[in-house]
Amino acid sequence: MIDEFLRLKELVVKYKPNANFELIEKAYNLSKQAHEGQERVSGDPYITHPVEVGCILAELEMDESSIAAGILHDTIEDTTFTYEQVKKEFGEEIAELVDGVTKLTKIPYTTKQEIQAENFRKMFLAMAKDIRVIIIKLADRLHNMRTLKFMNKDKQIQKARETMEIYAPLAHRLGMHKIKWELEDLSFRYLDEKNYYDLVEKIAKKRREREEYINNIIADVAKKTEEVGIEVDIEGRPKHLYSIYKKMSTQNKTIDQIYDLFAIRLIVDTVKDCYTVLGLMHELFKPMPGRFKDYISMPKPNMYQSLHSTVIGPEGIPFEVQIRTWEMHRVAEVGIAAHWQYKEGGSGEKTYAEKLSWLRQMIDWQKDARDADEFMENLKIDLFTDEVFVFTPKGDVKNLKAGSNPIDFAYSIHSAIGNRMIGAKVNGRIVNLDYELKNGDIVEIITSGASNGPSRDWLKIAKTSQARNKINQWFKKEKREENVEMGRTIFEKEVKKNGLTMSQVLKSESLDGIIKKYSFHNIDDLYAAIALGAITAAKIVSRLKEEYRKTLPPEEQTNMLLDQIEKESKKKSKTVPDSGIVVKGIDNCLVRLSRCCNPVPGDDIVGYITRGRGVSVHRSDCPNMKNIIIDGDARLIDVYWYQSVSPNVSYLAEITLKAHDRPGLLVEITNAIGESRIPLRAINARTVKDMTVVMHMTLEINNTEQLDRIIAKMSRIKDVFEISRNK
């Protein structure tokens, strides 16, 4: 471990020889003491993780406080050390950073989505206070992704998906491309293993050919720049895997058709040199029309600056050229982290604040997103998007998400402009409000004082959450009574649909809890939110119904559950997939899953050829197949599950549970199934001798892992002594 700490010090010395190493070493010693005896899943001492996080921060050339906080980031959460102790030892700045990065206290929300949404809300507030919080969090996530191979498959998928949907886009928004690319490639590896390694193999096959091609181009460019006396650093630019795969998928292209698979980067000393070198490149190679982008005169919102041009190289093969200064290169690699390199000089604070304007907007709209699903969806959309640059009639640049229209443009200027809009002109011509804005468009909004305000249809047209939230705010204020009445009607219908009465619901203490949780002042606010689609009546009533059921005597709770089970069992369910099974050597074969043993994905299976009914698929341990398998019947055939059976396809699994009978047992068992979100399709219970209850249940599941989890959960219920799957 000493070696790792020495590596950290060496990384810091490279960019700041006079750094406060006493502070960093003090943080290391405290973290080592705090995590003494703890191990990672890999078996390594836990201290390896915080030190690696510190090394990643040092590679970003972060300040000493950030590195110290990175080394300490798990102490408050995972050890006995408290916020006050860290504050006493290291001061308020570092304590606040550590506290901001610490995983948030788990609040008992109903769904995982709500927990995740609340965590991200708090994370954005912490970011607004000090952006270093998310830089440390990204370093933490990057090292966790690098060591994800030690986790189980479910955890790998969960972490990879969260990284791809939230953390990689955040790194992109902060201009931290180096981290973004690695996060995406690591996530890609676990989310789509087959395509990942297939692409790795394809690229490896052409590596020598590609390197030779790029080296020849570099030699030609070096000779040309030397002739005109410009110092330039030229390098081949490797394209990261996920970016290649995404282009191949979205553009339906082969790897040979991806232009910027071949790419070079030229780094010069001044902006003037950038444009001079661009001219030289266009002299040497023919530029492709429409493939030039000037991000120097019009930087991206994440501070990225560079000239991009695709040109035709030798043998007619296109390749991409990027031209930038050394300072631009530094910002392109580490984005907002570059701010701390220059912060001590005290300049650029205004520019820095402007670069984070998107974060303030995100915090504004998240206040209005009461529903976790809506919040998470808007978060992913607003983070993971490219921008389009358009102009006001006065020539001011506005950047919006790609696909935006005049409605989004109007509300990005001011709420009053959007609310009074009656039309729009683009480049002097009147356009529809759903017109998709393009780079360079000049947009003029036509307004009228006599306007009746926005239309509800605009909510479907607007592409940005900022515009949708401002439209919703107008309706909340101007159409209050109408919204309350509409929401009450929707709510009452949902209550009736669930077999409850309004008097039962309105008397429920849970209703007060829901109103408080979502920051409503009264029930009229709840009705208005339902009418505006900010929250669904089904979600609220479902929760109220569950709370109401808990107030009933045990017998009535059971009857209510059984009624619900009976209704669910009458619903049609697709229990056999159209193509969940592959029969070896036979295409388009009629396949049916045997009802005697109900195989599900994850089971070892065997096929048996039947007359007139295709291949019957049984579990390998099915009693009906036992003698046939032993005797080696000629009608046996190899079958197996597709590598990825659709999660939308369900299967029936029958289990038998035995327990010592007692009041409330059935309620606890059905609660456990309900909390696991596994449909219970049938249940039959009887009491036998010695007051033993035997329950036969039919569950609708996606795979054996899901079944194992619910069996493990029910096994922990008091008085349950045996659970087995029926054969």
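Biologist: Contact means heavy atoms within 4.5 Å. With that in mind, which residues is A531 in contact with, leaving aside neighbours within four places in sequence?

Modeller: This is a predicted model, and in it A531 is in contact with N483, M486 and G487 once those neighbours are left aside.

Biologist: Where is A531 found?

Modeller: A531 is in helix α28, which covers residues 523–532.

Biologist: Buried or exposed, that A531?

Modeller: A531 counts as buried, because its relative accessibility is 15% and the cut-off for buried is under 20%.

Biologist: What separates the C-alpha atoms of A531 and E485?

Modeller: They are 8.4 Å apart, while the two residues are 46 residues apart along the chain.

Biologist: OK, zooming out. How many helices and strands are there in the chain?

Modeller: The chain has 33 helices and 20 strands. It runs to 727 residues, and 49% of them count as buried.

Biologist: And what share of the contacts comes from residues 24 or more positions apart?

Modeller: Taking contacts with a separation of 6 or more, 66% are between residues 24 or more positions apart.

Biologist: What about the accessible surface of the chain?

Modeller: That comes to about 37,300 Å², with 49% of it belonging to carbon and sulfur atoms.

Biologist: Before I go on, what is the mean pLDDT?

Modeller: The mean over the chain is 79, and 80% of the residues reach 70 or more.

Biologist: Where in the chain is confidence lowest, and where is it highest?

Modeller: The lowest is helix α18, residues 349–355, with a mean of 49, and the highest is helix α3, residues 48–59, at 93. The pLDDT is also below 50 over residues 341–353, a stretch with twelve contacts in the model beyond near neighbours in sequence.

Biologist: What about residues 103–111?

Modeller: There the pLDDT stays under 50 as well, and the model has 16 contacts for residues 103–111 beyond four places in sequence. Where pLDDT is low, the predicted coordinates should not be read in detail.

Biologist: Noted. Switching to aromatics: how many aromatic pairs does the count come to?

Modeller: Eight aromatic pairs. One of them is F5 with Y28, which is stacked at 4.4 Å centre to centre with 20° between the planes.

Biologist: Which parts of the chain does that pair link?

Modeller: Distant ones: F5 is in helix α1 (residues 2–15) and Y28 is in helix α2 (residues 21–34), 23 residues apart.

Biologist: Which residues do ring pairs link into a cluster?

Modeller: The cluster is F188, Y196, Y197, Y242 and Y245.

Biologist: Last one, about the surface. Which residues form a nonpolar patch?

Modeller: V41, F150 and M151 do, with about 270 Å² of accessible area together. F150 is in the loop between α9 (132–146) and α10 (153–173).

Technical notes:
Residues numbered from 1 in each chain as written. Predicted model: local features only at pLDDT ≥ 70, side-chain atom pairs only at ≥ 80, totals over all residues. Heavy atoms only, no water. pLDDT = per-residue confidence, 0-100. Helix = DSSP H or I, 4+ residues; strand = E, 2+ residues; numbered from the N terminus. Patch = residues over 30% accessible without salt bridge, like charges linked within 9 Å, V, L, I, M, F, W, Y side chains within 5 Å. Areas by Shrake-Rupley, 256 points an atom, 1.4 Å probe, with all protein chains shown as cover. Salt bridge = Lys/Arg side-chain N within 4 Å of Asp/Glu carboxyl O. Phe/Tyr/Trp six-rings, centres within 6.5 Å; stacked < 30°, edge-to-face > 60°. Buried < 20%, exposed > 50% of the residue type's maximum accessible area, 1.4 Å probe, protein only.
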